Amino acid sequence: MIFQLGISFVAIFLAIQDFKYRKVNLFLLVLFGLLCLIKFSNSSLFWLEMILNMTYLTILLSVSFLLIKCKAKVEIKNAIGAGDVIFLYFTGLLFYFDHFLIWVVIALITSLGLHILIVNILKPKEKSIPLLGYMTLTLIPALLLQ
């Protein structure tokens, strides 16, 4: 439970930075990753689970990047931030494969819904999506319920 609280605490600061600046501090991202690695090494997660999670993310992101490049004709660096991708890979260390699949789907759907709501209500000038920030809103409850 201590690692879940620590990870949640760091994730909150990452989310605040993502919402406010659309960038995250590398130190906090590395700290988040280290806490995830420590939790992974102290848990009953098997290496197979981690490999499945990383493979799933790699396939998901590869297909997304191909669609962005071919259909949207947008540069990848303008479509998704490196911090978002790194955050996703680190969260792959926190869940069993079936839970990770569910979390990713729920987090992405929640992110889409929240962003549509915020854009329609607040009409922000910034066009980018704080994906890490939105995903943190679903990560913290998922961690604390584990």
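Is F87 buried or exposed? I began my look at this predicted model with that residue, and F87 counts as buried at 0% relative accessibility, where buried means under 20% relative accessible area, exposed means over 50%, and partly exposed lies in between, for a 1.4 Å probe and protein chains only.

Before going further I noted the ground rules: residues are numbered from 1 along each chain as its sequence is written, and side-chain values use heavy atoms, with hydrogens and water left out. In this predicted model local features need pLDDT of at least 70 and side-chain atom pairs count only at pLDDT 80 or more, while totals for chains, interfaces and linings use all residues.

I then searched the whole structure for aromatic pairs and found ten, taking rings of Phe, Tyr and Trp (its six-membered ring) as paired if their centres lie within 6.5 Å, with planes under 30 degrees apart stacked, over 60 edge-to-face and the rest tilted. One of them is the stacked pair of F32 and F87, at 5.0 Å centre to centre and 25° between the planes. Because F32 lies in helix α2 (residues 26-41) and F87 in helix α5 (residues 82-91), this pair ties together parts that are 55 residues apart in sequence; helices here are DSSP runs (H or I, at least four residues), numbered from the N terminus. F32 is buried too, with a relative accessible area of 0%.

Next I looked up Y56 and F100, which form an edge-to-face pair at 6.2 Å centre to centre and 85° between the planes. I noted that Y56 is partly exposed at 22%, whereas F100 is buried at 0%. Ring pairs also link Y56, F95, F97, F100 and W103 into a cluster.

Conventions
Helix = DSSP H or I, 4+ residues; strand = E, 2+ residues; numbered from the N terminus.
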